[in-house]
Amino acid sequence: MNSVELRELTTDFGPVIGIVEETGERVRVTDGGEPAGVLLPAAELAELEHFAQRVHGGPRPRPRTVRETPAGPQRQGPYTRYAYTDGVRMTFTRDRLVVAELRTVDELDWLENNARTARQSFMDPKQAAAFEEFLARQPPVGDGIAWIAADWRQQEPFTVLEFIKGPTPEEAALAYGADARDITDGLLLHQVRDRDAREGTDDTYQVLAFGEAGEWTWLGYHDFSFSRRLDPPPRQQITLTATMAKGIYDFRYSEDGVYQNPFPLEDSADTRRDMYELIWYTPGQAPFAPDAPLGFLNAHIRRAEEHTDWTDGIALFFAGLERAFGLSLPRDAITSGHVRCARPAQR
């Protein structure tokens, strides 16, 4: 059994819990065909909780909807169900022993991401170093992002590049204030460029381009047109902003809306900034203190220095990011303008 409808779990949960207890495998729970949660063995959840609580990964997500809570524990066969006050999360016991738990997809993702971070930090130092070097040597996903660094530095084709994990490209564009009709119509960037060339307009600088690459939604736009509001905050968010007139090029990284504060190696803890300026990075030197939240990036950036042909500091930093996070941008599509875009919604 790969999945079960929520109504089946609430009316006849005995057989499903029996399968989870016997096989130790997860079961997806859907509500009207849409993902509602995951049923997993209690021992597996206990292990995730054990590690996840050892790192700060932002607030734990709670159910987005609240359902009517069953009145009191319900028993079926050898199992008893205890529902949480939100009516979504549930605990199943047998003979007063917890055997299975139902958690939302968002909460389970949060637990797994935090637990993964904690497990890596508890490795033997030699093992952790070898594992980090292995990851750093992996090639970039797709086209990577280093290829766009030079143009981006000149604020072309975008002032801001963002990578968001969680929302779909369409959801992110709408949340940023893009015009819903442009999204529905499938407006392409080259169409806007072509009209600018014909009519002498500059709408290209007013649009938000968007797409998906790997596990990330990417956005490209100029800083003065869009609101940049996502509620709830995405699981991960990377923002790269170029301000050529002031010579400021900065990098920000957040998890669940919590800024990870990538302060430079030479800074003390009491001078942490709300962004990292890429001009601080000097090839050959570790950009972050080993105990900084993003200290793990050092190995990826060093591998980029050793195994790529990039020489510009910003391109090398981008090459490190693409390996560390699996970032990519579709080079041919962006260059030719065959990527989706939208203008700001009319207010």
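Start with an aromatic cluster: select Phe251, Tyr276, Trp280, Tyr281, Phe288 and Phe317, which ring pairs link together. Keep in mind that this is a predicted model. A search of the whole structure finds 13 aromatic pairs.

**Stop 1: Phe288 and Phe317**

Zoom in on these two rings. Their centres are 6.4 Å apart and their planes meet at 70 degrees, so the pair is edge-to-face. Phe288 lies in the loop between strand 14 (276-277) and helix 10 (297-307), while Phe317 belongs to helix 11 (residues 313-325). The pair therefore ties together parts that are 29 residues apart in sequence. Both Phe288 and Phe317 are buried.

**Stop 2: Phe296 and Phe325**

Next, select Phe296 and Phe325. This aromatic pair is also edge-to-face, at 6.0 Å centre to centre with 75 degrees between the planes. Phe296 is in the loop between strand 14 and helix 10, and Phe325 is in helix 11. Again the pair links distant parts of the chain, 29 residues apart. Phe296 has 33% relative accessibility, so Phe296 counts as partly exposed. Phe325, at 12%, counts as buried.

**Stop 3: Arg153 and Tyr249**

Show the side chains of Arg153 and Tyr249. The charged end of Arg153 sits over the Tyr249 ring, 5.7 Å from the ring centre.

**Stop 4: strand 8**

Select residues 160-165, which form strand 8. How many of the six residues in strand 8 are buried? The count is six of six. In a regular strand, side chains alternate between the two faces of the sheet. Colour one side of strand 8 by picking Val160, Glu162 and Ile164. Colour the other by picking Leu161, Phe163 and Lys165.

Strand 11 (residues 236-243) runs antiparallel to strand 8, joined by six bridges. Val160 has Thr241 as its bridge partner in strand 11. Strand 10 (residues 216-221) is also antiparallel to strand 8, with five bridges between them. Here, Ile164 stands opposite Thr217.

**Stop 5: Thr93**

Finish at Thr93, in strand 6 (residues 90-94). Is Thr93 buried or exposed? Its relative accessibility is 10%, so Thr93 counts as buried; the cut-off is under 20%. Select what Thr93 touches: Pro78, Tyr79, Thr80, Tyr82, Val98 and Val99. That list leaves out residues up to four places away in sequence.

Notes. Residues are numbered from 1 along each chain as its sequence is written. This is a predicted model: local features need pLDDT of at least 70, side-chain atom pairs count only at pLDDT 80 or more; totals for chains, interfaces and linings use all residues. Side-chain values use heavy atoms; hydrogens and water are left out. Helices (H or I, at least four residues) and strands (E, at least two) are DSSP runs, numbered from the N terminus. Buried means under 20% relative accessible area, exposed over 50%, partly exposed in between (1.4 Å probe, protein chains only). Contact means heavy atoms within 4.5 Å. Rings of Phe, Tyr and Trp (its six-membered ring) pair if their centres lie within 6.5 Å; planes under 30 degrees apart count as stacked, over 60 as edge-to-face and the rest as tilted. A charge sits over a ring if NZ of Lys or CZ of Arg is within 6 Å of the ring centre and within 35 degrees of the ring normal. Two strands pair if DSSP finds at least two bridges between them.
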